[in-house]
Amino acid sequence: MMSVPHRPTPLEIAEARARIAPHFARTPLVRLDLGFPDRQIFLKLETLSPIGAFKLRPALNGVLSRDPAALRHGVAVTSSGNMAYGMAWAARLVGVPMVAYMYRGAPQTKIDGVRALGGEVRFISAETWWDYITDADRPDAPELLINPVTDQAVLAGNGSIGMEIVEDLPDADVVLTPYGGGSMTTGVASAVKSISDRCRVFAVEDDSAAPVSAALVAGQIVTIETRPSFIKSIGAPSLVPQIWPVVRDLIDGAIAISPGQVTEAMRLLFKKAKIVAEGAGAASLAAAIARPDLKGNIVCVVSGGNIDAAAYAAVLGGGIPSA
């Protein structure tokens, strides 16, 4: 059945936050002093999640909000890595089997993380993976398949990030969120804009694959040419059609940054704050640095830190990892 998501309500987000709170410690919002005279940078450190990424929030809410009978055969998710990792953690918590549908280019650290938590990894082609994400197709398997982008419980779980941001920094002016499928941006923006009428929210993309920017220019979803990139968790040739109408009405724009700008931000996070961020995790900081026209209190959601050691060594050595 095709998912038709809506903007999560404040009540849905509050219920999700209460549901996951016993299992997920609030992540800190910390200031990163870069010496800018007209803007302050704050980092929402989702890297400090038990799985090293924000995806545990939506995974937990997706599982814990279900009737246990629906989970009797286990749970499944389609993911490039972090959502699979989060779902494996959530499934182990409630004691049900878990399956991740992943493509072979996914980071090994995330594949290993799923397996270490008892999850099964089933590799599929990138085309099939996208069909599962967009509900154009689905696996013929008994597990409950939770869509990582359009599932309503997923969106509400992500909204807990935005709720915490505005509580910790009521006078936030801008929130920057990495944009993969769109579920984080939707959840965060829904929470922020339900509380603050002054804060703007932007989607951040890798310019190697920036479908949000292209859709905003064209006024509709378009299919774009993509280039290989080491940044695996954001970027796609197109947008998930079910979520786009919701996102479009929530965001104030999109910012596309290059892999080179992202690796500079990754090195800056390590040098200044000893924070390990994967490419998508550092993208929001890269966007903040690249856009000096954004003033005031800027919150960068550092979405995750699960990067293969060899790739991270290449970044710290001054390079850009191979795609």
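This is a predicted model: local features need pLDDT of at least 70, side-chain atom pairs count only at pLDDT 80 or more; totals for chains, interfaces and linings use all residues.
Helix α2, which spans residues 56-64, is mostly covered, with eight of its nine residues buried.

**Helix α2 and its surroundings**

- The buried residues of helix α2 are Leu-56, Arg-57, Pro-58, Ala-59, Leu-60, Asn-61, Gly-62 and Val-63.
- These buried residues pack against several other elements, namely the helices α1 (10-20), α3 (82-94) and α6 (152-168), together with the strands β2 (39-45) and β3 (75-78).

**The four-stranded sheet**

- Four strands make up an open sheet with parallel pairing, and their order across the sheet is β5-β4-β3-β6.
- The edges are taken by β5 (120-123) and β6 (144-145), each of which has a single partner strand, so one side of each is left without a neighbour in the sheet.
- Strands β3 and β6 run parallel and are joined by two bridges, and Ala-76 stands opposite Leu-145 in β6.

**Val-212, a buried residue of helix α8**

- Val-212 is located in helix α8, which covers residues 211-218, and this valine counts as buried because its relative accessibility is 0%.
- When neighbours within four places in sequence are left aside, Val-212 is in contact with Tyr-179, Ala-203, Glu-205, Leu-239, Trp-244, Ile-251 and Ala-254.

**Salt bridges**

- The count of salt bridges comes to 18, and among them is the one in which the side chains of Asp-168 and Arg-26 meet, at 2.9 Å from N to O.
- Asp-168 belongs to helix α6 whereas Arg-26 sits in the loop between α1 and β1 (29-32), so this pair ties together parts that are 142 residues apart in sequence.
- Both partners are partly exposed, with a relative accessible area of 36% for Asp-168 and 38% for Arg-26.
- A further salt bridge joins Asp-151 to Arg-66, whose closest N and O atoms are 2.6 Å apart; because Asp-151 is in the loop between β6 and α6 and Arg-66 is in the loop between α2 and β3, the pair ties together parts that are 85 residues apart in sequence.
- In that pair, Asp-151 counts as buried at 9% relative accessibility, while Arg-66 is partly exposed at 22%.
- Asp-252 and Lys-193 also form a salt bridge, with their closest N and O atoms 2.8 Å apart, and this pair links distant parts of the chain, since Asp-252 is in the loop between α9 (244-248) and β9 (254-257) and Lys-193 is in helix α7 (residues 183-195), 59 residues away.
- Through salt bridges that share partners, Arg-17, Arg-26, Glu-167 and Asp-168 are joined into one network.

**Cysteines**

- Zero disulfides are found in a search of the whole structure.
- For Cys-199, the closest cysteine sulfur is that of Cys-300, and because the two sulfurs are 12 Å apart they are too far from each other for a bond.
- Both of these cysteines are buried, Cys-199 with a relative accessible area of 4% and Cys-300 at 0% relative accessibility.

**A nonpolar patch on the surface**

- Phe-270, Val-276 and Leu-316 form a nonpolar patch on the surface, and together they have about 210 Å² of accessible area.

Technical notes
Residues are numbered from 1 along each chain as its sequence is written. Side-chain values use heavy atoms; hydrogens and water are left out. Patches are made of residues with over 30% relative accessible area and no salt bridge: like charges are joined within 9 Å, nonpolar side chains (Val, Leu, Ile, Met, Phe, Trp, Tyr) within 5 Å. Accessible areas come from the Shrake-Rupley method with a 1.4 Å probe; for residues, only the protein chains shown count as cover. A salt bridge is a side-chain nitrogen of Lys or Arg within 4 Å of a carboxyl oxygen of Asp or Glu. A disulfide is a pair of cysteine sulfur atoms within 2.5 Å. Buried means under 20% relative accessible area, exposed over 50%, partly exposed in between (1.4 Å probe, protein chains only). Contact means heavy atoms within 4.5 Å. Two strands pair if DSSP finds at least two bridges between them.
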